[in-house]
Amino acid sequence: MTKETPTAIKADQMFINFGPQHPSTHGVLRIALTVEGEVVIKGDPDVGFLHRGMEKLFEARTYSQGLILTDRLDYISATHNNLGYCLAVEKLAGIQAPLRAQYIRVLASELNRIASHLVFFGTFAVDMGAFTPFLYAFREREMIMDLFEMLCGGRLLHSYVRVGGVSADLPAGWTEKCREFLKFFKPMLKDYDTLLSGNPIFRSRTGGVGVISADRAVSWGLSGPVLRASGVNYDVRKADPYCVYAKMNFTVPLGKNGDCFDRYYCRMLEMGQSVEIAFQCLDALAGAELTPGEVMAKGVSKMLKAPAGQAYAHMEASRGDLGFFAVSDGGLNPYRMHVRGPSFINVAILQEILVGCKIADVVAILGSLDIVLGEVDR
Amino acid sequence: MTADEILAKLQASFPGLVKSEAPVKEYPTWTVPAESVRVVFERLRSKFSFDYLDVVTATDWSGPINPKGYPQSPAVAAGAAAAPSATAKDIFEVVYLVTALSTGMRLCLRCEIPRKEGASVPSLYGIFMAADWQEREVYDMFGIHFEGHPNLKRILTMETQQGYPLRKDYEHLPDKFD
Amino acid sequence: MTEEILQPDISGPVFNHANGRLLMPETRYWPTDMWKSPWSLPTYRRGAAVLAGLITGGAAAAWFLGEIGPRLAPVYSFIEAYALAYGVPAVLIQIFWTFIKGGILLLAPLVNALFAVWWERKISAHIQSRMGPMYVGWWHGVLQTVADGIKLFLKEDIVPDCADKIVHWLAPVVVVIPAILVFAPVPFGNELVFADIDIGTVYVFAVGGVSVMGIIMAGWSSGNKFSLLGGLRSAAQLVSYELPRTFAVLPVVMLAGTLNIAEIAGFQAGYWGGIIPRWFIFYPVVGQVAFIVFLIASVAETNRVPFDIPEAESELVAGFNTEYSGMKFALFFLSEFAYVLLSCLLMAAVFFGGGAAPLPFLEFLPSWAWFLSKVLILMFCFLWFRWTFPRFRVDRLMDFNWKFLLPVSLLNIAAGGILIWLLS
C-alpha cells in the first residue's frame, strides 16, 4: 500500500484514482490510472486495504483455530480455503482423511466452485452493464447456500472441512436436495449463454480485450481459469491430484486467445464440469463401500501437534492454484503459515495488460481476472 | 530425469547447491547459496523448462514467538519467554517453489541468509514475473531486500509501517489505527 | 495428545441447535418450480387474469370518456363567452388559457416520471425474477415513486467544495427546462396538442438538443474526474446520435409533405385494403429501416442501456450526476424519463399512425387511448432493452453510429425518394 502520486503527468493526461471506493473494483482495490482521454497510459494496482495480517495470526493460533481464519481469505469460496489449509496441515502431521470424507470434500468444493463462478458470472455481467444475469446467478447460488446451510450451518463461511476429515456426515435428505439442484442447474448454463455469452455487445466488449499470451501468463504465475484461458493446460486437479480427483472423470476447459471472453467462458464451462464431478461424487457416496458416518480420521486431536517439518499443499480453488506452505517446529501452533493466494498473483499482471486499453476495458479486464480482495490482502 | 537428478547435474557448476536435510514434504528440496540464486533459476528455466514459479516466501528461524495481546498457546507458560526451539537459528530462509508445467516436476529451493538488517538475496524479477509481487510481499513482511527488483516497496502494509511484521521479534507499536 | 476426538453427530434431530445444521424445510423457496410450464403455475395464471382485467377496464373507461379534445372545446367557448360578457379583453383570456394548457402540459413529464419509474422497477424486477416494490401504496407498491420523491425532496443538497457553484446549480435547470418545453408541439391524441406549429419536428430536435449543454455543464462543474469523463462522453454521444435520429424522420417528412407532427400523424389515417393500417412502419423497407434507426438513436439519445456510457455505473460510478443529490438529482432523473416519453410519443406519432386504431373495427376507442397504449408498448421496449443488454464501449458506440447508423439513414432518405417516385 503505497501513495502513488501523480508525478510526470503531461498536460493532456489525467490521473484517476480507480478505487478503493468504486462500484466495480470488487472490494477495496485501488488502481492508479493515468489516462489520456479514454486511453489508459499507465495502470498501477495498489493492494493492502484489507490486510489483516493473517499469516501472523496463524502463528498465534492452534491448527484447529487457524481453520477459522482461512474462511476469511477468499470468502466467496470458503470451502476451498478450508480444504487447502487442511491438506497442508494433514501433510505436515501425516494424517490421512477417510475415503468418505474425501468424497464429501470434493463434492463440497465443487459445489462451492459453482457458487463462486456464479458470483463471477453475475458481477462480470454487472461490470459489462447488464444487471439481469446477476440476479439469475444469485438465484442459483442461493440454492447452493441452502445446501451448505444444511451441511454445516454456515452459508458463506463454512469451516466444514476440518483437519482429518469433515465436521459431520451428510444429513438425511441432503443428497436428494443436491441432486435436485444439480439437475436444475445444468440447463441453466444454456440459459446464461443465450442471455449473455451470445450477446454481440458482450462479445465485442470482451473479445480481444486484455489479451494475455500463454508465455506471459506462465511467467506471471497466473493460475486457474485465467491461465487456462491462455491455452495452458494446468489444473492442479489433474496435474497434482488431491483427495479423490484422480478417480474423477472430467475435462479441463481451455481457451485459445487469452482474452476476457475466454476467461469468462472457461469459467462457464468449468461449472458444467463441476456438475459432472458432483454427480460422480454423489454416486460414489451412495455406494456401499463407504461407511456412513466415517468422515473423520481416528485420533485427530483438537490440540493437534505436528512434528517439526515443512509441507506445501496446493489445490485448485475457484480462482486458481491455492497453496498453503506450513512450517512446524513441533509445537501447538504453526511456526509459519504462508498462503499462496491465486488472486494476489493474478492481480499483479494488471500493470502489464492495462496499458493501452480504454477505461471501460479496465473494468472488463479486472472483472475477468475475478479477484477477491480478502485473498489478495490476506 | 527427476528433479533431484537435474539439481545433481547443476551441482557440478554450483558447488554451493546441496540437498536439504529436512525437505519440504514430497518435494525435492535443495539449498542454494544466495549469490547463485539467480543463475540457478535462469539455468532451471532455460535448460530444464522450470517455467512456473509457484511461491516465493521466507521463514524467520530466530525462534517461536510469544506474542503480546494474542491468546497464548498452552505450551508456552503464561508470561514466560518462549523456550528457544531446537530448530532456532539466526537465519532467514527464503523458499522458492518452482514447477515445470510441461513435465509436471516440482522442486523446492531454499536460500539461507544471515538474519540482519538489510539482508538481501538476488531478485528473480525478469526471469519470473511472478516474483514481482511475491518478492515485494516478502520484503514487506521480513525486510529481506531483493537486489535488482525495480519496484521494491511495501505492498500490503502502510508505507508508514514500522518494522517487519512476520519477523519473530516484531513488536507492534500502537498507532492511530489501534 | 488425544484427549478429545471430534466425533461427527449424524443421529441428531432434524434441526439441531447444537451444531446449527438445518434440514431444508419444505416451505423454503427453491426455484425448481421453473421446470414446470408457466401456465401450470397459479401465479402466472393470476397475473394474466389481472392484466386482461386491466386492459378491459382501461378500454371501457376510455370508451366512456371518449375524445378529450372536442369535449374541451365547448368549455373554452363557454369561458370565453362568459369572460367577454364581463368585458375581459380577449388577449387576457388567451394568455390565461395558455397558462392553463401549459400547466397541464407540465404535468405530462411529472406524471410520466412517477409512473415510469415505478413501471421500470416492476418490469426490471419481473425480468430478474424478483418482486420489486410491494409495500408502499395499496397495490404492488404503486406509490413507491411518490415516497422516493418525498425522500429526494427532503434530502440534503450537497455541493462539493471544488465544484463551480453557479454552473453546478444551473446544470439541472438547463437539463430539465428543454425537457419540458420540448413537449409543446407533440400531440397526445387527435386535437390534443399544446402548440400546433408547422415546424414541430424541427422544434423538437432543436430544443431537445439543448439538454446536452446541461449534461456537459454538470460533468464539468462537479470537480470530479468521473463526472468530467461522463460529460465528455455524453457530449460526443448525443451530438453524434442526433444526426441519424433526425435523418430517420426525413423520409416520413418527405412522404407526408409536412413538418407538423400532428399532421404527420393524421396523414397515416386509413387502411390499405381495409385491413393494413397506412402507418409509416408498414411502408416497405423504408419504414422499417427508418423506425429501427430512430429507435436505436432514441435509446442512445436518452442515455439508456445499452448506450448509457455517460453514466456507466461500473466504469464512471454515476457519470455526470455523481456529485448531485436530492432534488437536483431528481431533476436529471425527471428529464431522462421525459425524453423517454418524448421518444415514444414521437415514434407513436410518426411511425405508428398517432391515434389511429390498428384495425378498422377497433375505432370505437378514442384516439388518445390508442396513442397512450402505443406509447406504453414502446416504452416497455425501452425498459426491456435496458434490463437485457450489456453496455457498449465508448469507441464501439461511435463506430456504430458513424460507420453504420448514419450511412444507413442517409441511404434510407434516398430510398424514401424512390418510394415517393414509385407511389406517384
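This report describes chains A, B and C of a predicted model, beginning with the fold of chain A.

## Basis of the description

Residues are numbered from 1 along each chain as its sequence is written, while chains are lettered from A and ligands numbered from 1 in the order in which they are written. In this predicted model local features need pLDDT of at least 70 and side-chain atom pairs count only at pLDDT 80 or more, whereas totals for chains, interfaces and linings use all residues.

## Chain A: overall form

Chain A contains 15 helices and 8 strands; helices (H or I, at least four residues) and strands (E, at least two) are DSSP runs, numbered from the N terminus. The radius of gyration, taken over C-alpha atoms, is 21 Å for chain A, close to the 21 Å that the globule rule gives for 378 residues, so the chain is as compact as a globular protein of that length. That rule is 2.2 Å times the number of residues to the power 0.38. The C-alpha trace of chain A spans about 70 × 50 × 35 Å along its principal axes.

Of the 378 residues in chain A, 61% count as buried, a residue being buried if 20 or more other C-beta atoms lie within 10 Å of its own, exposed if 12 or fewer, and partly exposed in between, with C-beta atoms placed from the backbone. Two residues are in contact if their C-beta atoms, placed from the backbone, lie within 7 Å. Among the contacts of chain A with a separation of 6 or more, 71% are between residues 24 or more positions apart.

Strand S2 (residues 30-36) of chain A pairs with S3(A) in the antiparallel sense over 7 bridges, and Thr34(A) stands opposite Lys42(A) in S3(A).

Chain B has 3 helices and 8 strands, running α-β-β-β-α-β-β-β-β-α-β from the N terminus on. Buried residues make up 39% of its 178 residues.

The contact between the two chains takes 39 residues from chain B and 40 residues from chain A. The largest share of the side of chain B that touches chain A, 6 residues, comes from S4(B). Strand S6 (residues 309-317) of chain A and S2(B) run parallel and are joined by 2 bridges, with Ala311(A) opposite Lys25(B) in S2(B).

Not counting residues up to four places away in sequence, Val362(A) touches residues including Phe18(A), Ile31(A) and Val40(A).

Phe389(C) is found in the loop between helix H12 (367-386) and helix H13 (394-423) of chain C. Phe389(C) counts as buried because it has 23 C-beta neighbours inside 10 Å. Leaving aside neighbours within four places in sequence, Phe389(C) is in contact with Ala130(A), Asn199(A), Ile201(A), Val305(C) and Pro306(C).

Note on methods:
Two strands pair if DSSP finds at least two bridges between them.
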